[in-house]
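Here are my notes for you to read alongside the model.

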Amino acid sequence: MGRGRQKAKATKQARDIKYYSPSTDYAALERELSGSSGHPAHHDADLEPDYSDYEDKYADQFDDDEDSRRIG
């Protein structure tokens, strides 16, 4: 396919995507936003895992200046 045909096809696809307007189900949107769908509510604290096991236990024993020295 030549560059002209390829560009025309890409332009047509971009125009189709730009002006595509699907019908919106406002009742489903309202149910989702109100939280009455029967699903349990999610809490932000439950989403983040506990990383305390990976904490550097020896970080306070060393100065940051010693780590930044370069040899060579």
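1. Start with pLDDT, which is the predictor's confidence in each residue, from 0 to 100. For the protein chain the mean pLDDT is 77, and 69% of its residues reach 70 or more. Helix α1 has the highest confidence, at 93, while helix α4 (residues 64–67) has the lowest, at a mean of 58. Where pLDDT is low, the predicted coordinates should not be read in detail.

2. A bit of housekeeping. This is a predicted model, in which local features need pLDDT of at least 70 and side-chain atom pairs count only at pLDDT 80 or more, though totals for chains, interfaces and linings use all residues. Residues are numbered from 1 along each chain as its sequence is written, and side-chain values use heavy atoms, leaving out hydrogens and water.

3. Now the overall layout. The protein chain has 4 helices and 0 strands; these are DSSP runs numbered from the N terminus, with helices (H or I) of at least four residues and strands (E) of at least two. Read from the N terminus, the order is α-α-α-α.

4. Look at helix α1 next, where you'll find the structure's 1 salt bridge (a side-chain nitrogen of Lys or Arg within 4 Å of a carboxyl oxygen of Asp or Glu). The partners are Asp16 and Lys12, whose closest N and O atoms are 3.8 Å apart. They sit 4 residues apart in α1 (residues 3–18), so about one helical turn separates them. Asp16 is partly exposed at 43% relative accessible area, and Lys12 is exposed at 51%.

5. Helix α2 (residues 26–34) is hardly covered, with 0 buried residues among its 9. Tyr26 lies in this helix and is exposed, at 60% relative accessible area. Tyr26, Leu29 and Leu33 form a nonpolar surface patch with about 370 Å² of accessible area together. Patch members have over 30% relative accessible area and no salt bridge; nonpolar side chains (Val, Leu, Ile, Met, Phe, Trp, Tyr) are joined within 5 Å, like charges within 9 Å. After α2 comes Gly35, with a positive phi near 80°.

Conventions
Buried means under 20% relative accessible area, exposed over 50%, partly exposed in between (1.4 Å probe, protein chains only). Accessible areas come from the Shrake-Rupley method with a 1.4 Å probe; for residues, only the protein chains shown count as cover.
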